[in-house]
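Hello,

Here is the structure you will be taking over. My notes on it follow below.

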Amino acid sequence: MMIRSAIAKRLVSSNSSSSSSSSSPGWSWLCQKTTSSSSRSSSSLVGQCLNDDNNNNKKLEFEFDGIEKTSKSSSSRWFHSSSLGGGGGLPSSMRAAVFREPNKPLTIEEFHIPRPKSGEILLKTKACGVCHSDLHVMKGELPFASPCVVGHEITGEVVEHGPATDTKTIARLPIGSRVIGAFIMPCGNCSYCSKGHDDLCEDFFAYNRAKGTLYDGETRLFLHSSGKPVYMYSMGGLAEYCVVPANGLSILPKSLPYTESAILGCAVFTAYGAMANAAEVRPGDSIAVIGIGGVGSSCLQIARAFGASDIIAVDVQDEKLQKAKIFGATHAINAAKEDAVGKIMEITGGKGVDVAVEALGRPQTFLQCVQSVKDGGKAVMIGLAQAGSVGEVDINRLVRRKIQIIGSYGGRARQDLPKVVRLAETGVFDLTNAVSRKYTFEESNNAFQDLNKGNIVGRAVIEIM
């Protein structure tokens, strides 16, 4: 009944809307080089890097007048007879946001409804977070198969199980379930998954990240007009429907909203993996987080939940640093105004922190993250960088003082995603303040423009419901 009701509402909405077409001038990514009027000392590399990042975002502003549309009017959709649990049917087509080439806007295009295979779940997508990883792909900084549907931080409703899906999965994720999806979707069968290291899933990296497909080497996305395949960045979640391997899903309690909860699948999931698995934060540890965006601010909340003592936030935007205090930061450092590493040393009595987290993916902040930790401390890198970026480190200090440099891509879906949901459900993690902006599906390009310009404090979410 729930599905039939939703479909009826869609039909009414679709029939009552008139189709229209408008031309869009597209984006112009402005990449002029600028020169600084003053030089900085090596001791202020954090401030330089963060400022450069902010300036680069401004230089790369793109101009457009609304989202490009290449799809048919939604009023042309029809329904087929494939039945679901409890009856009802699926529309024959859906819309999704497609990345085709770097520095060009996403286009909303019409697709056949994706079909799940064994062990996979079809979701009606409710919300999708706006993440820098997608932006890296859109700017050509991270190579990925194209054309592809972006979006990897989602909530949704289960509408179909793939054929031959095991009964335990069907019982765990019945039709109509509210779910959250992790961006790392473990296969459950490879050597890493069998040891519980879902974050290192071989199939996820070999197929999805390397080829843009799911684990049979095929995409689930095909254009409605031509039938041509389109690749998937994770599940390709910036779409009205998406297919997700069941191992990457966890139940979303009714007490949590679809929109704000979308960030649990990447921003919070990544922060949890860094703090729990990589850093192994313990009560009383001192923590520094460099870069207070969606993931960095989530690290602050997780550090507070784990009982960290000194929690130091480093950024160049006062607005972000002010909000960092809401998320648990005990100290805030504006690296544009003072030497961040020197200030961290001052706060910690010259020792450095137990754990420093780098959430920007910049060579300069990589170095500063390592310099911020105490002897025996852990420098955890979670920010993705432009392809080919290389970080430097003082080898002698690394060896003599037992500095640990650890990469962390995300959490472990089967173990950690339910824990992340529980933190939000109990109020330990503040979802309301973590999500600062919301956009409609048609405003997807606006969302990424704002992210690129540094206008989003915390995390933004696109509502697809």
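The sulfur of C131 has its closest cysteine sulfur in C266, 4.0 Å away, which is too far for a bond. A disulfide needs the two sulfur atoms within 2.5 Å. C193 is in no disulfide either: its nearest cysteine sulfur, that of C190, lies 3.6 Å away. For the whole structure the count of disulfides is 0. Please keep in mind that this is a predicted model.

Both cysteines are covered. C131 is buried, at 4% relative accessibility, and C193 is buried as well, with a relative accessible area of 3%.

The next item is strand β10, residues 241-245. Of its 5 residues, 5 are buried, so the strand is largely enclosed by the rest of the structure. Y241, V243 and P245 point one way from β10, while C242 and V244 point the other way. Residues on both sides are buried.

Which way does β4 run relative to β10? The two strands are antiparallel, and 5 bridges join them. Strand β4 covers residues 120-130.

Some overall figures for the protein:

- It has 16 helices and 19 strands.
- Of its 465 residues, 55% are buried.
- Among contacts between residues at least 6 apart in sequence, 73% join residues at least 24 apart.

Regards

Definitions and conventions:
Residues are numbered from 1 along each chain as its sequence is written. This is a predicted model: local features need pLDDT of at least 70, side-chain atom pairs count only at pLDDT 80 or more; totals for chains, interfaces and linings use all residues. Side-chain values use heavy atoms; hydrogens and water are left out. Buried means under 20% relative accessible area, exposed over 50%, partly exposed in between (1.4 Å probe, protein chains only). Helices (H or I, at least four residues) and strands (E, at least two) are DSSP runs, numbered from the N terminus. Two strands pair if DSSP finds at least two bridges between them. Contact means heavy atoms within 4.5 Å.
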